[in-house]
Amino acid sequence: MLKAAGVGIIAAILVFLLWNGVDVWPVMLILGLLLALTYTGAWSKLSQGRRKRQVVLGTESHTTFNDIGGQSTAKNELKEALEFVRHPERIRDMGIRPLKGILLTGPPGTGKTMLAKAAAEYTDSAFLAASGSEFVEMYAGVGAQRVRQLFVEARQLARRQGQTSAIIFIDEIEVMAGKRGQHHSHLEYDQTLNQLLVEMDGMGTAENLRVLVMAATNRGDLLDPALLRPGRFDRQVRVDLPDREGRLSILQLHTRNKPLALDAELGRVAQETFGFSGAHLESVCNEAAIMALRDCATAISQKHLMDAIDKVLLGEKLDRTLRAGELYRVAVHEGGHALIAELVNPGSVSSVTISPRGMALGFVRQAPQDDRLIQTISELTADIQVCLAGSAAERLVLGERSTGAANDFEKAWEIARRMVLSGLSSLGVVQEEALSPESLYQTIQGIISEQQAEVDRLIDSHVEQLRGVASHLMETETMAGDMIRALISA
Ligand code: ATP
């Protein structure tokens with residue numbers, strides 16, 4: 001409607017000018033060009049570029065270091081580095097070169113973005129966030145232009161907010177700052193990275209407005225070495241998965257606004273969530289609250305928290321109904337895993353379930369008593385035995401095995417491979433490159449067969465207990481570790 005009116009008005013003006021003898025051809029040429037741009041979509045692409053730049057800019061929320069659970073080493077290292085921004089005069093008096101970049105490396109969801117926001121709050125800096133992928137464009141020069149613009153906007157934002165420093169946070173930096181010359185459209189990638197290096201080189205002490213670049217990556221190994229040389233990102237802070245204490249403090253942070261029932265034990269949840277990141281733990285707390293709401297409960301109980309761990313680990317419960325025979329096979333299979341887990345590592349089973357979730361038809365949850373950073377030969381062989389136990393149980397109780405164990409075998413193989421490459425096999429200390437594929441294969445096969453024989457022997461001597469666990473699972477679908485232990489020791 002509006003378009004039609006506009007075209008009508010322009011046509012009327014053109015006719016009027018023509019009537020009065022004005023030369024309208026140049027105007028018509030420009031109008032034609034604009035029309036063609038609109039028609040081919042090129043105009044919308046250009047304006048999208050502008051709009052995208054605006055999306056890139058995220059301004060700060062008030063996250064402080066106290067909102068971040070665990071990560072005490074990372075926090076301390078970071079605070080120390082930030083003294084450069086907080087007390088520039090001291091740095092200047094000592095003739096110290098100012099810090100230009102801090103690189104946060106570590107697995108996803110461990111709080112790198114939160115640390116950058118907290119750094120801005122700690123140093124009273126303007127905060128601008130961008131993601132590496134938003135600088136990558138097909139068109140040469142666009143990425144470099146965005147980098148330039150980002151630094152300009154950081155300074156403008158700080159001035160507008162009356163601050164003397166700005167922190168630019170670039171997430172997924174490996175996307176824009178990977179090793180140069182390795183991409184198909186390498187010219188564009190290289191220009192973008194070069195521009196970032198130029199901007200970082202241009203940040204000096206003399207400036208009365210300091211800009212600090214913080215970047216995060218899960219793949220530090222992919223970064224261009226030029227970025228890591230002194231004078232650029234010369235501080236690297238490792239942000240690891242939280243240990244048990246870290247997990248507990250993250251859980252406490254994310255439940256501080258939620259009602260917890262008296263039986264809720266966050267310490268146990270922390271113990272059962274080895275390998276979870278802060279983002280996983282936040283999700284556990286959130287899911288537990290949703291489950292409590294669904295149950296019309298007024299507070300989150302321990303059961304909600306444990307169910308939430310399973311949900312975050314495996315996915316939502318499925319309505320998939322198995323045939324009775326299949327269900328019994330799953331019960332025997334999971335019973336086998338649980339039985340061997342308890343025999344080789346007493347007290348380790350936390351729960352067993354045969355209700356399908358995500359990709360799994362059943363699941364045994366084992367809680368490590370302590371976070372394990374290194375493993376001994378006996379711990380590794382025990383893990384292999386637990387993996388092999390599901391299929392062995394099926395064969396001994398039901399007469400034949402099924403495809404349900406493919407994933408278990410993969411895991412067992414991987415553990416055995418790790419043993420060989422760590423020098424824990426009959427081959428002794430080995431070098432991976434010098435090891436022939438056959439000899440690697442045979443050694444792994446040897447480890448697996450040896451453990452398989454041991455698992456068969458153990459299940460054979462506990463087959464009645466295994467049948468007991470399987471029948472119980474058929475009735476209750478889920479069993480707690482204590483119940484399993486009671487049945488096994490009966
Ligand atoms: P990615 O590498 O995927 O970008 P990230 O390391 O930047 O992830 P964040 O975005 O900082 O992770 O964290 C995601 C969410 O996880 C946060 O919003 C927060 O809810 C939670 N979280 C992660 N780590 C912590 C932590 N140490 N303390 C409290 N909450 C955390």
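The following conversation walks through a predicted model of a protein, from its overall make-up to single residues.

Visitor: What distance should the 12 residues of H11 span, and how far apart are its end C-alpha atoms?
Guide: The expected span of a helix is 1.5 Å times one less than its number of residues. For the 12 residues of H11 this should give 16 Å, and the prediction agrees, because the end C-alpha atoms of H11 are 16 Å apart.

Visitor: Which residues of H11 are buried?
Guide: A residue is called buried when its relative accessible area is under 20%. What covers the buried residues of H11 includes H12 and H13. The buried residues themselves are Gly246, Arg247, Ile250, Leu251, Leu253 and Thr255.

Visitor: Which helices do the buried residues of H13 pack against?
Guide: Helix H13 runs over residues 278-294 and reaches 24 Å from its first C-alpha to its last, close to the 24 Å expected. Its buried residues are Gly278, Leu281, Val284, Cys285, Glu287, Ala288, Met291 and Ala292. An α-helix has 3.6 residues a turn, so residues three or four places apart point the same way. The buried residues of H13 pack against helix H11, helix H12 and helix H14.

Visitor: Which residue just after H13 takes a positive phi?
Guide: Helix H13 is made up of residues 278-294, and the residue in question comes just after the helix. Its phi is about 55°, and the residue is Cys296.

Visitor: Which residues that line the largest pocket are the closest to its centre?
Guide: The largest pocket has a volume of about 1,600 Å³. Of the 47 residues that line the largest pocket, the closest to its centre are Phe363, Val364, Gln366, Val386 and Lys411.

Visitor: Which elements give two or more residues to the lining of the largest pocket?
Guide: The lining draws at least three residues from each of domain 2 (244-314) and domain 3 (324-489). By kind, the lining residues divide into 20 nonpolar, 14 polar and 13 charged. The elements that give two or more residues to this lining are H14, helix H15, strand E8, helix H16 and helix H17.

Visitor: Is Glu172 buried or partly exposed?
Guide: Glu172 is found in the loop between strand E4 and helix H8, and its phi is near 45°, a positive value in a residue other than glycine. Partly exposed residues lie between the 20% limit for buried and the 50% limit for exposed. At 34% relative accessibility, Glu172 therefore counts as partly exposed.

Visitor: What is the relative accessible area of Glu477?
Guide: Glu477 lies in the loop between helix H19 and strand E9. Its phi is near 70°, which is a positive value in a residue other than glycine. Glu477 is partly exposed, and its relative accessible area is 40%.

Visitor: By what distance are the C-alpha atoms of Val420 and Gln431 separated?
Guide: Val420 has its place in helix H17 and counts as buried because its relative accessibility is 0%. Leaving aside neighbours within four places in sequence, Val420 is in contact with several residues, including Ser425, Leu427, Leu440 and Ile447. Gln431 stands 11 residues from Val420 along the chain, and their C-alpha atoms are separated by 9.7 Å.

Visitor: Which residues does Gln451 touch?
Guide: Gln451 has its place in helix H18 and is buried, because its relative accessible area is 8%. The C-alpha atoms of Gln451 and Ala382 are separated by 8.5 Å, although these residues are 69 apart along the chain. Not counting residues up to four places away in sequence, Gln451 touches Thr381, Ile384, Gln385 and Leu388.

Visitor: Which residues does Gln452 touch?
Guide: Gln452 lies in helix H18. The residue is buried, because its relative accessible area is 18% and the cut-off for buried is under 20%. Not counting residues up to four places away in sequence, Gln452 touches Leu388 and Ala392.

Methods
Residues are numbered from 1 along each chain as its sequence is written. This is a predicted model: local features need pLDDT of at least 70, side-chain atom pairs count only at pLDDT 80 or more; totals for chains, interfaces and linings use all residues. Side-chain values use heavy atoms; hydrogens and water are left out. Helices (H or I, at least four residues) and strands (E, at least two) are DSSP runs, numbered from the N terminus. Buried means under 20% relative accessible area, exposed over 50%, partly exposed in between (1.4 Å probe, protein chains only). Contact means heavy atoms within 4.5 Å. On a 1 Å grid over the protein atoms alone, a cavity is a set of points where a 1.4 Å probe fits but cannot get out, and a pocket is an open set with protein on both sides within 12 Å along at least five of seven lines; lining residues have an atom within 4 Å of a point. Grid points are joined across faces, edges and corners, and a volume is the space filled by probe spheres set on the points. Ala, Val, Leu, Ile, Met, Phe, Trp, Tyr, Cys and Pro count as nonpolar, Asp, Glu, Lys and Arg as charged, and the others, Gly among them, as polar. Domain bounds come from an automatic or database domain assignment.
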